[in-house]
Amino acid sequence: MIVGLQGMKCADRVRRAPGALLALMLTVLSGEASAADPPAAQRELSQYEKESVAIALERLKGEREPNPEGKAVESIEVVPLDMIDDRDPWPNFLNWFHYTTRPYVIRREVLLKEGQIYSASLADETERNLRAEPQFTVALVVPLKGSTPDKVRVLVVTKDVLSLRLNSDPRFYNGRLYYLGLQPSEDNLLGTHHSVSGNLVFTTFNYSVGGSLHFPRIAGSRIDSDVGASVVINCDTGKIEGSNGSFSYGQRLYSSQAKWAWQTYLGWSETIAHGISAVKPICSGGAEDKTHRLIDFDRNRAVAIPYRFTSNYLWGGMYVTRSYGESDKYDISVGAEATRRSSHVHTPAMSEVDFEQIIPDQDGVLDPDGYRTLDFASGRMPSDPEAELAAAVADFSNYLPTRYTTIDPFIQLYAHRFEFQRMLNYWTLGLQEDYQLGHNALIRIYPALKAWGSSRNLFGTVASMGYTWPVRSGFLKAVATSRTEFSSKGKSDASLESAAHFVTPELGFGRFVYDARFTRQYINYLNSNLVLGGTDRLRGYRPGALIGANLVSGNIEFRTVPVQTLSVLIGGALFYDVGDAFTTMNQLKLRDGAGVGLRFGFPQLQTSVLRVDVGFPLLRDDPLGEVTVVAVFGQAVNSP
């Protein structure tokens with residue numbers, strides 16, 4: 001939720017602070033960056049994870065095997081822990097509302113097999129696969145001593161999160177509830193990891209009702225499927241004004257040993273965009289107070305119409321992937337996609353339109369930044385209001401996302417290193433996390449022709465290159481991506497994105513996280529826009545306060561080591577954010593905010609932290625900045 005508080009302002013800050021601090025940290029840690037990381041088998045466990053392993057060992061009366069490599073796997077033994085156990089601060093009767101994951105569901109994800117030779121890399125990959133499942137908060141593979149010295153038992157310890165839940169996303173601003181998302185769900189139906197959920201979302205002008213289903217490992221295979229749909233209902237009229245939904249069916253690359261993957265998918269979204277200049281309560285409806293204005297200086301006339309239009313988006317596709325290599329992976333994909341986007345202005349009633357006569361400034365010049373207007377509210381209307389309204393609607397259409405249809409086959413090469421950095425207390429609190437190291441490169445080529453049904457001929461390319469270096473218990477990552485769509489004159493698109501992300505090792509009592517992003521859409525035929533402000537990369541500003549084709553942001557956070565109270569983990573944070581969204585470079589005006597926050601980890605509920613941040617703007621007299629209190633799940637700054 002976001003609660004805006006007025007009245008707190010601070011002096012401007014020096015803009016070089018984030019860069020200087022990053023340089024200082026890199027200098028201090030330069031010696032550590034080149035040091036080799038310890039093997040994954042020697043990973044550090046948090047207190048909560050150590051307690052989980054101890055409970056499982058007590059149940060099995062087992063003893064850990066310090067040197068399992070090269071020994072035969074004697075057995076696979078699964079210990080699913082109760083969602084709530086004696087160490088947790090929640091009443092045990094909550095387990096009545098949860099069906100613990102069935103052992104066979106866990107066992108089928110284990111890549112080690114009985115009779116095979118134990119492999120630490122397969123044990124680590126099994127953990128990563130299990131941790132990728134949203135139903136688990138703890139997933140650990142522990143080798144135990146076998147019945148003879150040449151054998152090893154494999155212990156798999158898991159702990160479920162609460163699966164029967166009412167997920168909610170309330171957002172408050174200036175004491176008003178302006179957005180509310182509710183999702184009642186059962187994410188582990190009868191312990192099988194199948195899920196069913198309902199969706200109910202309220203906004204200022206409408207609400208949506210729907211549901212979704214997820215089917216993993218259909219009939220015991222590696223195929224999974226997702227399906228969901230919702231309808232959008234206008235709060236004022238009670239009529240349906242839109243819908244959205246999606247469907248997918250396929251098989252992913254579930255391990256480093258998998259050779260083939262394939263997927264087919266489709267979806268649609270039909271929405272009405274409403275413009276408001278101030279945040280309003282849910283379902284308050286009413287006329288929009290944000291308008292699109294057409295100014296005709298030759299006729300000294302201005303026409304303002306409500307900012308309201310329908311946007312339709314339809315997509316679908318299919319692909320097949322062949323994976324090669326072991327440590328260095330090369331995934332080649334071929335497929336085809338189809339997308340269609342359209343939009344149109346809702347022609348308003350004459351009573352919704354403001355007709356104004358432009359009055360020159362005192363110097364007699366019609367300056368678009370300084371003209372005054374005379375409103376025809378008294379009933380004096382232009383001589384031809386219908387024609388002026390039609391012209392204003394046509395002008396407004398030029399500012400909407402460009403309509404297009406694209407049907408394009410593609411070929412893609414994705415190359416990456418199958419090596420991971422294991423760490424604690426970065427995205428989660430007190431739980432194992434894995435981040436891919438080394439190179440990460442992608443190139444994709446896709447043509448589209450009018451002869452195939454596309455709205456324009458184009459030749460598209462996407463090229464991306466990234467690299468991640470381990471820095472003890474942290475990492476440094478850099479990524480650059482270029483997207484181009486060459487077409488006839490005036491119909492091309494091109495953008496460049498770059499990002500740098502630095503997570504320092506734990507410095508005794510915490511770690512720094514530094515992130516910088518830059519996106520430049522230097523050819524923007526499709527009229528795409530980016531948004532900044534609200535809950536993450538520019539705290540201390542209104543949600544969606546800044547909008548433009550280009551975006552720049554920088555963030556630095558200090559996150560403390562969490563403290564465990566019973567089984568709840570609590571940490572603190574200090575942060576500084578800077579950024580802007582803009583259309584042209586001469587419009588760039590960096591805004592910044594700073595603040596403090598708390599992080600709460602609830603291993604019984606989910607892996608994401610509950611983040612509570614208090615942010616305030618540092619730019620003096622900025623009308624878009626307000627002191628905000630943000631309470632959401634998930635960290636504000638993540639790895640690109």
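This passage covers a pocket, a cavity and a nonpolar surface patch. The model is predicted.

The second largest pocket holds about 1,100 Å³ of space. Its lining comprises 48 residues. Arg 128, Asn 129, Arg 131, Ala 132 and Glu 133 are the lining residues nearest the pocket centre. By class, the lining of this pocket splits into 16 nonpolar, 20 polar and 12 charged residues.

At a cut-off of 30 Å³ or more, the structure contains 1 cavity. The volume of the largest cavity is about 50 Å³. Its lining is made up of Asn 425, Tyr 426, Leu 429, Arg 559, Thr 560, Gly 571, Gly 572, Arg 599 and Gln 635. Two or more of these residues come from each of the strands β28 (550-560) and β30 (568-582). The cavity lining counts 2 nonpolar, 5 polar and 2 charged residues.

A nonpolar patch lies on the surface. The patch consists of Tyr 99, Leu 189, Leu 190, Val 196, Leu 213, Phe 215, Val 227, Phe 247, Tyr 249, Leu 266, Trp 268 and Leu 314. Together these residues present about 960 Å² of accessible area. At least two patch residues are supplied by each of β8 (206-215), β10 (240-251) and β11 (260-274). Tyr 249, one of the patch residues, sits in strand β10. Tyr 249 is classed as partly exposed because its relative accessibility is 31%, between the limits of 20% for buried and 50% for exposed.

Methods
Residues are numbered from 1 along each chain as its sequence is written. This is a predicted model: local features need pLDDT of at least 70, side-chain atom pairs count only at pLDDT 80 or more; totals for chains, interfaces and linings use all residues. Side-chain values use heavy atoms; hydrogens and water are left out. On a 1 Å grid over the protein atoms alone, a cavity is a set of points where a 1.4 Å probe fits but cannot get out, and a pocket is an open set with protein on both sides within 12 Å along at least five of seven lines; lining residues have an atom within 4 Å of a point. Grid points are joined across faces, edges and corners, and a volume is the space filled by probe spheres set on the points. Ala, Val, Leu, Ile, Met, Phe, Trp, Tyr, Cys and Pro count as nonpolar, Asp, Glu, Lys and Arg as charged, and the others, Gly among them, as polar. Helices (H or I, at least four residues) and strands (E, at least two) are DSSP runs, numbered from the N terminus. Patches are made of residues with over 30% relative accessible area and no salt bridge: like charges are joined within 9 Å, nonpolar side chains (Val, Leu, Ile, Met, Phe, Trp, Tyr) within 5 Å. Accessible areas come from the Shrake-Rupley method with a 1.4 Å probe; for residues, only the protein chains shown count as cover. A salt bridge is a side-chain nitrogen of Lys or Arg within 4 Å of a carboxyl oxygen of Asp or Glu. Buried means under 20% relative accessible area, exposed over 50%, partly exposed in between (1.4 Å probe, protein chains only).
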